[in-house]
Amino acid sequence: FVARLAQADASAERINEVLNTEPAISDPADAVKSPPGDGAVTWRDVSFRYGGARAEPVLRGIDVQVKPGETLAIVGATGSGKSSLAHLVPRFYDVESGVVTLDGLDVRAMGQQDLRVRIAVVPQTPNLFSGTIADNLRFGAREASDEEVKQAARLAQAESFILAMPNGYESELEARGTNLSGGQRQRLAIARALICRPEVLILDDCTSALDAGTEARLLQALRGWEHRCTRLIIAQRLGAIRAADRIVVLEDGEVVGLGAH
């Protein structure tokens, strides 16, 4: 018991160090609470780097406008700045220069909670939690009805494998969803984002574990989704890129192409 207590004390110190860390991103004192908008996103002369002034810039002079309801595919080689560009919208990081706006308002002028409730991000590696599938899907929208949960699962092409499980939507998931395949985890993460009905939906290479047929059906379902939202899709496969209204091509942090497929 004494040995365990000593280990727990050391762990508690590390946990408290994390909890007491002051975040680099903070809300402004006079944060603007903007009403729900249309999801128009603009990067205006944006430059950004990780790790301070000595680091190499990740993005340089980005000028891109995304209209409400438009689908923008972001493509480029590994390390070209695709995810960095998208992650500036929910303000996971702040720009070094320039401005990122949502519906014409600088994201730095908004409170983080007010900003992020309007945006849903699906990463390549999804985070699932121990508990039922239904609880995981409702993580960002606790008030969602059973029908809304099922509709999101159908859109994400997840309903078939959910219903094949012993208890359907009440089936228990292990931590990180380790009792599911990679493609199943990605589809649940997409469904969880769709339930929130965001103004801006960011899909960060989150269909990489899906086969081509499932991905095509998912993209087709999203095109027919009645909820109008702006979509930023980071993808490598031609199917996802071709389905976008416009494509922005990044190379070494700069825009080298912008247009339709």
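This is a predicted model: local features need pLDDT of at least 70, side-chain atom pairs count only at pLDDT 80 or more; totals for chains, interfaces and linings use all residues.
I take a salt bridge to be a side-chain nitrogen of Lys or Arg within 4 Å of a carboxyl oxygen of Asp or Glu. I number residues from 1 along each chain as its sequence is written, and side-chain values use heavy atoms, without hydrogens and water.

**Entry: the sheet**

I looked up the strands, which are DSSP runs of E of at least two residues, as helices are runs of H or I of at least four, both numbered from the N terminus. I count two strands as paired if DSSP finds at least two bridges between them. I found an open sheet of four strands in the order β2-β1-β4-β5, with antiparallel pairing. Its edge strands, each pairing on one side only, are β2 (59-66) and β5 (105-106). Strand β4 (residues 97-102) is joined to β5 by two bridges in the antiparallel sense. Which residue of β5 is the bridge partner of T101? I noted D106.

**Entry: salt bridges**

How many salt bridges does the rule give? The count is 12.

D106 also forms a salt bridge, with R108, and their closest N and O atoms are 3.0 Å apart. For accessibility I call a residue buried under 20% relative accessible area, exposed over 50% and partly exposed in between (1.4 Å probe, protein chains only). R108, at 30%, is partly exposed.

I next examined D103 and R118, whose side chains form a salt bridge at 2.7 Å, N to O. D103 lies in the loop between β4 and β5 and R118 in the loop between α3 (112-116) and β6 (119-122), so the pair ties together parts 15 residues apart in sequence. D103 is partly exposed at 28% relative accessibility, whereas R118 is buried at 6%. I also recorded a network of salt bridges that links D103, R118 and E199.

A further salt bridge is that of R154 with E159, at 3.5 Å, N to O. R154 is partly exposed, with a relative accessible area of 37%.

**Entry: helix α7**

I checked the length of α7 (residues 182-195). The expected span is 1.5 Å times one less than the number of residues. For its 14 residues this gives 20 Å, and the end C-alpha atoms are 20 Å apart, which agrees.

Is α7 mostly covered or mostly open? I found it mostly covered, with 12 of its 14 residues buried. Among them are G183, Q184, L188 and I195. After α7 comes R197, with a positive phi near 50°.
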